[in-house]
Structure formats: C-alpha cells, structure tokens
Amino acid sequence: MFTLLVNNIRDYRIKKGLSPKEFAERVNISLSHLRKIERGAGTPSLKLAVRIAKELDCKLDDLFF
C-alpha cells in the first residue's frame, strides 16, 4: 500500500505541473522531506497528507488507494 501512496503523490504533482521544490513550498515542508516521502523513505503525517491532498485537488483516498 505504501508504494501506491508514494507513486500517487509524485504522479499527481507531475500532472499538476509542479516541480518538487514548488510543491514542497506550497505544502510547507522541506524539499528533502518531500523527496523522502516520494521515495518511500518517509511517511507524511495525517495533517500533512490532508495538506498534500488539498494542494493536489484530490481526496486522501486518491493518494492511498
């Protein structure tokens, strides 16, 4: 399941045309933290996952499933 989360965040970010740096700034995290999340080396908190979903105009379910 975690692999789907990682791939979906990156995929949604790319579809929105956001660079990693721009997206990290929009969700108020460091670029290194975003890279860890997208690589699967880190897990977003629920609060961060909600911010990510809001910024990507999707539901949490879209990121997790």
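**Group meeting: a walk through the helices and the core**

Let's start with I29, which touches A24, L34, I37, L48 and R51, leaving aside residues up to four places away in sequence. Contact here means heavy atoms within 4.5 Å. A word on what we are looking at: this is a predicted model, where local features need pLDDT of at least 70, side-chain atom pairs count only at pLDDT 80 or more, and totals for chains, interfaces and linings use all residues. Residues are numbered from 1 along each chain as its sequence is written, and side-chain values use heavy atoms, with hydrogens and water left out.

Now, the core. The largest nonpolar core has 14 residues, and F23, I29, I52 and L63 touch the most other members. By nonpolar core I mean a set of buried Ala, Val, Leu, Ile, Met, Phe, Trp, Tyr and Cys residues joined through side-chain atoms within 4.5 Å. Buried is under 20% relative accessible area, exposed is over 50%, and partly exposed is in between, with a 1.4 Å probe and protein chains only. Helix 2 (20–26), helix 3 (31–39) and helix 4 (46–55) each give two or more residues to this core, and helix 4 has the largest share, with three. Helices are DSSP runs (H or I, at least four residues), numbered from the N terminus.

Let's stay with helix 4. Its residues L48, A49, I52 and A53 are buried. Seen down the helix axis, the buried residues fall within an arc of 140 degrees, so they line one face of helix 4; the arc is that of the directions from the axis to the C-beta atoms. On the face turned away from the buried side, you'll find the exposed residues K47 and K54.

Next, an arginine to look at: is R13 buried or exposed? R13 is buried, at a relative accessible area of 6%, and belongs to helix 1 (residues 2–15). A polar atom of the R13 side chain lies 2.9 Å from the backbone oxygen of L18. Leaving out residues up to four places away in sequence, R13 touches L18, S19, P20, F23, L34, E38 and L56.

Finally, two loop residues. N28, in the loop between helix 2 and helix 3, has a positive phi of about 60 degrees although it is not a glycine. N28 counts as exposed at 65% relative accessibility. D57 is not a glycine either, and has a positive phi of about 55 degrees. You'll find D57 in the loop between helix 4 and helix 5 (60–64), exposed with a relative accessible area of 60%.

Notes:
A polar contact is a pair of N or O atoms within 3.5 Å; within protein, one must be able to donate a hydrogen and the other to accept it, and residues adjacent in sequence count only if both atoms are side-chain atoms.
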